[in-house]
Amino acid sequence: MKELSRQWKEGAAKNITFIVTKDCQLACKYCYLVGKNSRERMSYEVAKEAVDYVLNHEKDFPEKSVIWDFIGGEPFLEIDLIDRIVDYIKTELYMRNHHWFDSYMFSFSTNGLNYHTEKVQKFIEKNKSHLSIGITIDGTKQKHDLNRIYKGGNSSKERGSYDDVVQNIPLWLRQFPNVGTKVTISSSDIPYIKDSVIHLFSLGIHNVSINCVFEDVWKEGDDKLFESLLLELADIIIDDGWYEENACSFFSEMIGKPLDSKKNNQNWCGAGMMLAIDAAGNFYPCTRFAAYSLRSKKPIIIGNVRDGINKNLLRPFLSLDRTTQSPQKCIDCEVASGCAWCQGENYDAARTNTIYERSTAICLMHKARVRANNYYWNKLYRKLELEGMREEFEKNKRESRPFIC
Amino acid sequence: MLQYLIILLDDTATSFCHYLNPSKKRNLIPQETLKQGIRFAMMENLTIQFVYPEYKLPKGYEKIIDSIDHTKIMPFCAEYDHEADVYVADENNIVEILNVNRCFSTIVLRVSQYFLLNNIESIRHLIHKTDRLNISIVDIDSFNEEDFNQYSSALQILSQELQSQYKSGKTRQLNILTDRLFLTKMNNCGAGDTVVTLAPNGKFYTCPAFYYEDEADNLGNLEQGLNIKNAQLYKIDFAPICRHCDAWHCNRCIWLNKKTTLEVNTPSREQCTVSHIERNASKDLLERLCEQGFKFPNNSISEIYYLDPFENKELWQQENL
Amino acid sequence: MATRKLVGQVTPEERNEIQALFERRNGLNELAKILTVDNHELYEKLVKDLGETTTKYQSWWNRMSKQYQWESTENGNWEINFDTCEVFLT
């Protein structure tokens with residue numbers, strides 16, 4: 001079975017995120033960015049100041065690799081800025097003999113609408129070997145258009161974006177054969193998840209990272225419905241052989257086990273280890289702590305391009321561990337592994353102004369996933385054993401497409 | 001477990017810790033609120049610490065206060081001569097204290113780090129004037145690298161003085177040096193955990209500083225009771241840096257934590273470093289006093305090669321494995 | 001359809017070496033697209049660096065293939081999987 005593609009540099013790279021715009025062509029209903037607008041756009045000067053700050057403080061960024069991340073809103077609305085700042089980064093890294101010159105990546109998470117445009121394509125051509133571009137396509141047209149709608153419409157005139165996104169998928173896959181997509185599930189999406197995952201596989205997207213939103217949007221009965229859909233999905237993936245070439249994050253051998261409170265105590269989320277920068281040049285421990293991402297709390301600004309980073313404000317993030325922030329039911333949970341959280345959502349939902357209160361809104365959804373996941377692996381292993389393929393499966397399951405070098 | 005209740009008798013009650021009291025306008029606690037606060041403490045089995053303003057309280061208040069066993073924390077001023085259990089003084093009071101012809105029980109001395117580092121001789125003399133001296137550096141978050149070095153040297157001077165006092169039979173206490181000799185576990189500020197504050201408005205707060213910072217940030221009130229959300233974050237077990245630390249005397253000011261790192265359970269680098277400089281000075285003092293035959297609960301304090309335990313993060317994580 | 005055959009495996013240290021050269025070479029090639037001869041000094045440095053990196057890169061393959069005696073074919077290429085350190089002949 002194919003496994004989800006590994007993270008570049010095993011996830012050990014420093015993530016530096018530029019919030020280049022808060023504008024977007026879409027008004028996705030589940031978007032956690034509550035403060036999107038068309039006014040706040042990052043200028044080249046601010047982006048350059050941020051790059052200069054980071055590169056001038058090489059000792060404060062000892063990681064061997066870096067991922068320069070560009071987000072929005074929709075980042076490709078600012079392709080001119082991005083092109084310019086990416087050129088600046090490459091040149092500066094080289095001129096300064098910076099250790100990152102040998103190990104960097106530019107990463108984008110896009111709605112895909114502008115992917116085919118001349119400017120975006122020129123940018124891709126120029127930077128091909130250092131790019132990671134994820135297009136968000138939520139599954140079937142029905143599921144995608146349920147939430148990913150163009151802004152400006154009212155409820156009777158909502159226009160979904162599926163048709164405009166899907167036409168760019170073949171080009172994207174040709175240019176980046178090993179890519180995956182990230183799919184978000186909210187309460188209203190549950191009935192569509194099975195068809196959506198299979199649909200994405202059929203489009204040629206072999207890595208589908210699909211997760212429930214962390215916000216408290218779940219209704220009574222959602223977990224049961226979720227479980228039943230996952231069981232159906234498990235059956236299709238196995239019975240129709242999709243598992244040979246495709247991976248879906250719902251099913252993983254790692255989830256659903258108890259966690260030792262000492263040996264497995266690391267924080268799930270990388271907030272604090274990454275750096276996000278907004279249009280005003282403010283620094284955040286993650287984009288989820290910027291004002292436009294928060295419903296009810298003040299943003300956590302840890303510094304800015306002029307004054308630098310206040311390391312005291314990073315201490316809580318870098319000290320975070322699983323047990324300190326989790327309620328006792330999570331520490332005692334027998335199926336804890338794989339149960340994720342988002343530090344920004346934890347902060348936003350917390351009863352006090354703290355990052356140390358883990359939100360458990362997805363508890364029942366995780367447990368439903370665990371039961372379906374157990375079913376999946378029991379069924380798959382049995383099938384492989386009966387076919388005499390179990391050994392080969394174990395041997396091959398780490399294979400991923402090699403880099404041609 | 002809650003053990004103490006601080007009652008601010010007025011908005012202008014003296015600060016006895018790192019925070020600065022910004023209140024200029026008097027706002028005396030109503031007698032009824034005071035009575036209810038005392039009743040609450042009795043029912044919860046809490047020891048009360050009354051914090052006084054710089055003026056004499058109106059008639060009737062002392063009778064209410066005397067209805068329960070308590071500690072009086074009073075500003076060092078003429079109004080309260082011979083009345084306080086704990087006197088709170090600052091830089092301006094030192095000369096007067098040194099000239100008074102008696103020894104005090106407990107003095108809390110609130111000073112800036114600049115004053116401390118540049119007037120160490122005065123402070124050395126103060127040790128003679130009180131059984132216990134609590135130094136509270138009001139701007140601990142402003143320490144820089146040079147200040148740390150100077151602080152280390154200043155502690156040596158105070159340490160020599162204490163050793164000399166011990167030799168002549170006077171076991172003086174100085175919080176930043178001698179507390180660590182006697183402690184066997186963490187003993188800190190305790191705000192929100194072992195102690196809460198009742199303000200003149202009848203509401204509970206983590207400590208007086210939280211009241212002065214934001215009146216709306218309260219932990220309940222006398223009518224509806226105490227309500228501490230995320231109460232676990234005030235406990236050592238839920239402080240990732242502190243639970244591995246052995247600077248047991250550290251004040252670990254919760255308000256300073258919140259001010260500098262935005263979390264009540266995480267101290268700043270400055271607070272940690274200052275505490276470790278003190279810890280190391282205590283270690284030296286302990287060794288010298290033990291050589292002279294004095295006995296303490298701990299025979300030794302271990303050698304460490306860091307001043308900020310946060311820099312040792314990987315070691316704690318290894319210890320967990 | 002191209003075939004792919006596992007012919008060997010290098011150590012993680014050897015993998016790191018070629019991966020760094022691979023990424024450096026990519027970086028230099030992409031930088032070359034945006035630098036012009038106007039920035040004379042930097043351009044010359046880049047050209048020299050690219051040459052040296054390409055040489056080191058080729059030298060690694062030569063060295064490894066000699067050390068490990070990997071199978072080869074006339075029109076075949078070796079590929080390395082950076083995740084697993086495996087070398088394939090295609």
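This is a dialogue about how to read some features of a predicted model.

Visitor: What does the model score for ipTM and pTM?

Guide: These are scores for the prediction as a whole, and here the model scores ipTM 0.94 and pTM 0.92.

Visitor: In chain C, where is confidence lowest and where is it highest?

Guide: One can begin with the chain and then go to its elements. Chain C has a mean pLDDT of 90, with 98% of its residues reaching 70 or more. Within chain C, strand β1 (residues 5–9) has the lowest confidence, at a mean of 90, while α1(C) has the highest, at 94.

Visitor: How many residues do chain C and chain A bring to their contact?

Guide: The contact takes 19 residues from chain C and 19 residues from chain A. On the side of chain C that touches chain A, α1 (12–34) and β2 (78–80) of chain C each supply at least two residues, and α1(C) gives the most, with 11 residues. By kind, the residues on this side of chain C are nine nonpolar, four polar and six charged.

Visitor: How many residues does the contact take from chain B and from chain A?

Guide: For that contact the counts are 17 residues from chain B and 18 residues from chain A. The side of chain B that touches chain A divides into seven nonpolar, seven polar and three charged residues.

Visitor: In what order do the three strands of the open sheet in chain A stand?

Guide: The order in chain A is β5-β6-β7, and the pairing is parallel. The edges are β5 (180–185) and β7 (247–248) of chain A, each of which pairs on one side only. Strand β6 (residues 207–212) of chain A is joined to β7(A) by two bridges, and N207(A) stands opposite A247(A) in β7(A).

Visitor: Which strands are joined by bridges to β8(B)?

Guide: Strand β1 (residues 4–8) of chain B runs parallel to β8(B), joined by four bridges, and I6(B) has T197(B) as its bridge partner. Strand β9 (residues 204–205) of chain B runs antiparallel to β8(B), joined by two bridges, with L198(B) opposite F204(B). The hairpin of β8(B) and β9(B) has five residues between the strands, and G202(B) takes a positive phi near 85 degrees there.

Visitor: Which residues of β8(B) are buried on each side?

Guide: Both faces of strand β8 (residues 195–198) of chain B are covered, with V195(B) and T197(B) buried on one side and V196(B) and L198(B) buried on the other.

Technical notes:
Residues are numbered from 1 along each chain as its sequence is written. Chains are lettered from A and ligands numbered from 1 in the order in which they are written. This is a predicted model: local features need pLDDT of at least 70, side-chain atom pairs count only at pLDDT 80 or more; totals for chains, interfaces and linings use all residues. Two residues are in contact if their C-beta atoms, placed from the backbone, lie within 7 Å. Ala, Val, Leu, Ile, Met, Phe, Trp, Tyr, Cys and Pro count as nonpolar, Asp, Glu, Lys and Arg as charged, and the others, Gly among them, as polar. Two strands pair if DSSP finds at least two bridges between them. pLDDT is the predictor's confidence in each residue, from 0 to 100. A residue is buried if 20 or more other C-beta atoms lie within 10 Å of its own, exposed if 12 or fewer, and partly exposed in between; C-beta atoms are placed from the backbone.
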